[in-house]
Protein chains: 2
Amino acid sequence: MKTASICTIGDEILIGQIVDTNSSHIARELNALGIQVKYMTSIGDDRARIIQELGQCLDNTDIVIVTGGLGPTKDDITKDALRELSGSSGYKESAEQMAHIKRILGARGIPMIDTNRAQALVPDACSVIPNKLGTAPCMAFYQLGKARTSALYSLPGVPFEAIGLLPDVMADIRRHFSLEEITHHTIVTFGIPESTLAKQIESWEDALPENIHLAYLPNPTVGVRLRLTQFGGKADFKPYIAQLQQILGDAIYGEGEDTLQSVIGAKLRAAGKTLALAESCTGGHLSELITSVAGCSDYYKGSVTSYSNEVKMNILGVKPATLSQFGAVSEPCVREMAAGVLRALDTDYAVATSGIAGPGGGSPEKPVGTAWLAAARKLSDGSVQVATQCVHFASSRAVNIERFASYALDLLRRNL
Amino acid sequence: MKTASICTIGDEILIGQIVDTNSSHIARELNALGIQVKYMTSIGDDRARIIQELGQCLDNTDIVIVTGGLGPTKDDITKDALRELSGSSGYKESAEQMAHIKRILGARGIPMIDTNRAQALVPDACSVIPNKLGTAPCMAFYQLGKARTSALYSLPGVPFEAIGLLPDVMADIRRHFSLEEITHHTIVTFGIPESTLAKQIESWEDALPENIHLAYLPNPTVGVRLRLTQFGGKADFKPYIAQLQQILGDAIYGEGEDTLQSVIGAKLRAAGKTLALAESCTGGHLSELITSVAGCSDYYKGSVTSYSNEVKMNILGVKPATLSQFGAVSEPCVREMAAGVLRALDTDYAVATSGIAGPGGGSPEKPVGTAWLAAARKLSDGSVQVATQCVHFASSRAVNIERFASYALDLLRRNL
């Protein structure tokens with residue numbers, strides 16, 4: 001099995017100014033190729049440390065992926081360290097990257113200055129993978145490390161540029177290393193905690209053939225992804241997935257990179273149906289999840305965040321008696337919110353949330369972390385049918401909101 | 001200057017399953033104490049590697065902070081590695097942590113099992129900093145490393161537990177190490193890019209006394225934080241800040257941990273005024289930012305996400321002629337959206353957004369990344385005054401949405 005190191009460069013990481021999201025993204029892509037990530041480390045803008053650390057990584061792993069330490073305002077410490085590490089005597093200009101730099105600056109109406117021009121310069125020994133989204137290219141170096149068999153890829157630190165380059169980098173890795181054939185199939189589940197899931201599918205997992213490996217990939221918003229991996233040969237996962245569907249039923253909602261919001265969106269689009277949201281405790285997060293799917297305007301009409309009871313009554317038509325008798329965090333209220341927004345925005349489906357995200361508020365009967373969720377749908381006779389669910393979590397405000405929203409999406413998904 | 005290492009433990013990081021947000025949080029706290037973070041690294045659940053890496057960190061830095069590798073479902077590889085590293089012969093029970101475990105499980109109605117009981121067991125040489133938010137305590141070890149002067153703190157990996165423990169950990173670090181006296185004052189700015197800001201305040205910065213250090217801490221949602229740090233002695237930042245205010249004017253909106261949404265909230269609360277939002281391109285993100293401030297229900301009534309033109313017209317009262325003549329991404333539309341939601345939700349202030357987040361859509365006149373923003377306020381005669389702004393960004397969908405939302409908040413802030 002090939003091994004890899006992921007190194008992020010930049011003082012801004014060591015002083016905690018930015019959260020490194022690139023490394024986990026890169027790790028997932030390497031993992032999917034069957035490459036084991038052995039080291040993940042952050043290095044400051046310090047030439048000697050960069051050379052030392054990258055040298056160690058090249059000696060000990062087959063592939064080294066570096067992000068950051070480039071860009072027009074950096075002092076190019078990283079680029080010169082790479083020049084030295086790769087044994088390059090000087091720099092050459094990448095015509096292809098220069099074309100991208102000109103195009104990008106031109107579109108923004110920014111004149112080219114020397115610091116931009118310098119970004120197309122790369123060490124002699126480097127192969128360039130052009131960056132269409134930014135001015136700094138990806139630099140690839142081969143035959144490094146003590147066995148002269150390791151490769152290093154240096155990517156810009158800006159996340160959307162780094163992630164945009166990854167397909168090309170992974171293709172290059174596949175070309176340069178004879179990787180064992182590997183096939184994946186991922187099933188996405190929601191609503192069953194990882195430990196319970198593991199017990200439910202224990203005997204199924206034990207009966208898997210030796211060359212099929214199962215991985216649990218839990219995510220608070222997505223649910224638990226179950227990834228089947230086969231090393232070598234042609235994989236036929238179908239019989240195992242059919243068995244899994246028998247055990248887990250409708251806890252399975254998708255495959256691959258599906259999310260609750262993408263699956264809901266695809267179903268609504270296919271059926272020509274529309275969606276509205278009424279949010280109280282989730283405060284806009286549910287709408288943000290729905291609109292994170294590009295093209296959602298095909299089925300998503302909009303939402304009302306009804307943080308005050310006034311908005312619940314005036315815009316959504318929640319009855320004053322409902323609020324006074326049961327309170328805003330109640331089944332009757334969330335039912336009326338869902339039906340109300342469906343009618344106000346004239347949609348086929350609607351979701352509503354009302355709960356206590358904390359840290360303050362709550363009572364012995366309705367502690368912080370409690371929420372009522374509703375999913376409404378318009379029937380053919382014009383009447384509205386509403387399904388409800390009460391959930392309890394005991395986490396921070398942000399995590400409670402995240403969970404309320406994903407359970408609300410799941411309730412809708414089960415009622416589409 | 002004391003130095004530190006931050007190590008995260010767990011295979012889930014190396015396979016890219018989770019993004020490590022703890023390390024940047026810890027780095028910021030250490031940085032604020034004047035401690036330099038030299039190493040940041042992730043280690044898999046591998047006993048030998050844990051001992052080797054932590055040993056190296058202890059030999060080379062004064063403070064080592066470890067997160068993860070604990071918890072009831074882990075095989076306690078980390079805890080036993082810490083036992084060996086600290087020269088402990090066995091384990092002892094922490095009565096204080098056991099009390100927290102009993103309380104937490106009791107509140108959730110979960111019976112205590114052996115794996116929970118084991119979480120109160122810590123290596124002999126350890127000092128416990130109890131964890132009120134979870135079952136695994138923080139373990140502190142002193143007199144480690146080759147000089148026998150380094151300390152190691154092991155925290156659970158769950159972010160809200162780790163972050164909840166940090167104040168106690170930082171207090172412990174201050175007690176155990178004679179840290180140089182350090183004082184900070186942070187000014188928060190919005191709307192001026194870091195590089196422009198640096199030029200504007202160049203001569204002010206050059207005139208700062210030797211013992212006052214300036215750091216730029218940019219953040220896409222917050223803006224650029226300018227942190228003044230004085231080492232040793234009593235600090236009086238007032239004259240420097242007064243000069244800074246003269247140069248930057250109302251680009252300065254707060255201090256310390258202030259955010260646009262927290263400053264807006266405080267001002268609205270103090271004035272007894274209320275806020276509504278009308279979101280198109282930001283799709284709920286603006287509402288999410290406003291509701292990320294606990295207690296926002298004091299001033300925030302709610303929002304309408306008007307993703308379809310129908311909702312813009314029917315709920316917000318945007319005129320059909322406005323949409324047909326100027327389109328949804330236009331000054332007249334965003335103006336009517338802001339005034340419309342202010343009236344519909346009966347508030348004193350309102351913010352509206354309408355733009356093209358991408359990746360699709362856009363035109364030569366209105367390219368992807370364009371948005372119109374509006375901030376409306378009700379005047380004493382009942383009429384509504386609206387300020388507008390057009391912004392252009394060229395990033396990914398998620399980053400464009402983030403920037404639209406923060407510029408919209410800034411427009412409101414300037415018009416409060």
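The following legends describe close-up views of a predicted model.

**View 1. Contact between chain A and chain B.** In this predicted model, chain A contributes 54 residues to the contact and chain B likewise contributes 54 residues. On the side of chain B that touches chain A, the elements giving two or more residues are the helices α1 (11-14), α2 (22-32), α12 (285-291), α13 (309-314) and α16 (397-414), together with the strands β2 (36-43) and β14 (300-306), of chain B. The most is given by β14(B), with 7 residues. By residue class, this side of chain B comprises 22 nonpolar, 25 polar and 7 charged residues.

**View 2. Pairing of the β2 strands of chains A and B.** Strand β2 (residues 36-43) of chain A runs antiparallel to β2(B), and 3 bridges join the pair. Within β2(B), B:S42 is the bridge partner of A:M40.

**View 3. The open sheet built from strands of chains A and B.** The sheet is open and contains 10 strands, with mixed pairing. Their order is β17(A)-β16(A)-β15(A)-β13(A)-β14(A)-β14(B)-β13(B)-β15(B)-β16(B)-β17(B). From one strand to the next, the twist averages 10 degrees.

**View 4. Parallel pairing of β13 and β15 in chain B.** Strand β13 (residues 275-279) of chain B pairs in the parallel sense with strand β15 (residues 349-355) of chain B, over 5 bridges. Opposite B:E279 stands B:T353, a residue of β15(B).

Key
Residues are numbered from 1 along each chain as its sequence is written. Chains are lettered from A and ligands numbered from 1 in the order in which they are written. This is a predicted model: local features need pLDDT of at least 70, side-chain atom pairs count only at pLDDT 80 or more; totals for chains, interfaces and linings use all residues. Two residues are in contact if their C-beta atoms, placed from the backbone, lie within 7 Å. Helices (H or I, at least four residues) and strands (E, at least two) are DSSP runs, numbered from the N terminus. Ala, Val, Leu, Ile, Met, Phe, Trp, Tyr, Cys and Pro count as nonpolar, Asp, Glu, Lys and Arg as charged, and the others, Gly among them, as polar. Two strands pair if DSSP finds at least two bridges between them. Axes are lines fitted to C-alpha atoms, for helices over the stretch in contact, and angles run from 0 to 180 degrees between N-to-C directions.
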